Every structure is written in C-alpha cells, then in structure tokens.
Amino acid sequence: MSEGPAPDFAMQRAVEILASIYERQQKTNDVPPPPADKPIVLFSETVAFDITQTQRVDVERALGIAFAYPARGWHTYCVRGPDGARLFASLFYSEGALIAAELYVPKVERAPKLEPRDLTFRFVPGEIAVGKPITSLPEHFGRISALAEKFGAYQEMFEARFPGGSAYAMGNGGTIERLAIYALRSSEA
C-alpha cells in the first residue's frame, strides 16, 4: 500500500536547491568579508582611538586620567551618546600603545556613575555610531552568529577586518549598542 503519491521531480529539485542555499549560508555566515583597505578608527573631534598609532600619553593629554573599569588594565571615560545617553569608552594599552577600544552602553547596575563628557564617538570611515540601526553598517561588516551565541548580551554581532586589527559592532533589537576595535596579534596579522 502506498502512502500517497511520490513528490514530483520539480518539487523535489526545489527542495534540494533550497537546502543547498541554506547550507551555503550557514557555512559562509561566520566568514568575514574581505578586509577594509585602511584602519577603522573610533573618532571624536577631540581624540581618535586608532589601534595602529594612538598612544596612552596622547589620550591622557586630551582626556585626562581615566577611571579603572570594568577590570584591571582597562581605562574608562564616560561620554555622551544619542539623546544624551551615557556611554563608556573603555581603552586598553600595551607598552603605552592602544590595543583595544570599546564604546558601549553600560548594562550592569554596578557600573560607576561617571558624569558624561560632551564628546561623541563614531567609527570612521562609515560614520557608524552607537544608537544607529544595524542596517546602517557598511558592506565590509560581516555577521558573526557563533560569537553572538557565546556573548549573550548581544543578539547581533558584526566584524570588519582591516590592516592591523578588527572592528566589531554589536546590538540588540536592530540597534547598535557596542562598537569595539582590537589590534591583531602579530601571529593573526
């Protein structure tokens, strides 16, 4: 006894094509696009955080001494975000050179109650800022779903590589909540 008519050839082929598209997307979902041709910088008119050349002495000359947060070694300033929101700019140095910079909405209650400075930061090139829609990211940012699963604070994560480093945009509900740049170790470059 048969369980019904066998699917016709066209329907079976359509299912195979859709399955192959899905599998291809799953394999390429975490592969970053080709690198940008110049460094991505976390920029304000007062100071630029460029992991290829910014020195701690330059940052402290422009902004003063930072607050030690969120962990030992990090240097944090509070700046203005969209609509006057408080954002933290956290920096990490190695031998006086900037190797990591993050701009983010503080999400924990234990975050220090720092007064925000009248500075706004954004990624350049691209004019990417915290509070903008994730859809505003340029094409050199690729989705990284594997990291988003590990770092539960953000539903969406994107990466762009550039000479000497990587840039990340992370967000929830379609809005960017964190921007980060990290220097690549010489073994990764």
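Asparagine 172 lies in strand β10, residues 165-172, where helices (H or I, at least four residues) and strands (E, at least two) are DSSP runs numbered from the N terminus. The model is predicted: local features need pLDDT of at least 70, side-chain atom pairs count only at pLDDT 80 or more, and totals for chains, interfaces and linings use all residues. Residues are numbered from 1 along each chain as its sequence is written, and side-chain values use heavy atoms, with hydrogens and water left out.

**Asparagine 172 and its surroundings**

- Asparagine 172 counts as buried because its relative accessibility is 16%; buried means under 20% relative accessible area, exposed over 50%, and partly exposed in between (1.4 Å probe, protein chains only).
- A polar atom of the asparagine 172 side chain lies 2.8 Å from the backbone oxygen of alanine 153.
- Leaving aside residues up to four places away in sequence, asparagine 172 touches Lys107, Ala153, Tyr154, Gln155 and Glu177, a contact being heavy atoms within 4.5 Å.

**Eight-stranded sheet**

- An open sheet is formed by eight strands in the order β3-β4-β5-β6-β11-β10-β9-β8, with antiparallel pairing; two strands pair if DSSP finds at least two bridges between them.
- Its edge strands are β3 (67-68) and β8 (142-143), each of which pairs on one side only.
- Strands β10 and β11 run antiparallel and are joined by eight bridges; in this pairing, glycine 171 stands opposite isoleucine 176 of β11.
- Five bridges link β6 and β11 in the antiparallel sense; alanine 180 in β11 is the bridge partner of glutamate 102, and leucine 179 in β11 stands opposite leucine 103.
- Helix α2 lies across β4 and β5 and runs at about 40° to β4; axes are lines fitted to C-alpha atoms, for helices over the stretch in contact, and angles run from 0 to 180 degrees between N-to-C directions.

**Three-stranded sheet**

- A sheet of three strands is also open, with the order β2-β1-β7 and antiparallel pairing.
- Strands β2 (48-49) and β7 (122-124) stand at the edges with a single partner strand each, so one side of each is left without a neighbour in the sheet.
- Strand β1 (residues 41-43) pairs with β7 in the antiparallel sense over three bridges, and the bridge partner of phenylalanine 43 in β7 is arginine 122.

**Nonpolar core**

- The largest nonpolar core has 34 residues, and those with the most contacts inside it are Leu42, Phe49, Leu103, Phe123, Phe141, Leu179 and Ile181; such a core is a set of buried Ala, Val, Leu, Ile, Met, Phe, Trp, Tyr and Cys residues joined through side-chain atoms within 4.5 Å.
- Two or more residues of this core come from each of α2 (56-63), β4 (74-80), β5 (86-94), β6 (97-104), β9 (156-162), β10 and β11 (175-183).
- Strand β5 gives the largest share of this core, four residues.
- Among the residues that isoleucine 181 touches, not counting those up to four places away in sequence, are Leu42, Phe49, Ile99, Phe123 and Phe162.

**Chain as a whole**

- The protein chain has three helices and 11 strands, which follow the pattern α-β-β-α-β-β-β-β-β-β-α-β-β-β along the sequence.
- Of the 189 residues in the protein chain, 38% are buried.
- Contacts between residues at least 6 apart in sequence join residues at least 24 apart in 53% of cases.

Technical notes: A polar contact is a pair of N or O atoms within 3.5 Å; within protein, one must be able to donate a hydrogen and the other to accept it, and residues adjacent in sequence count only if both atoms are side-chain atoms.
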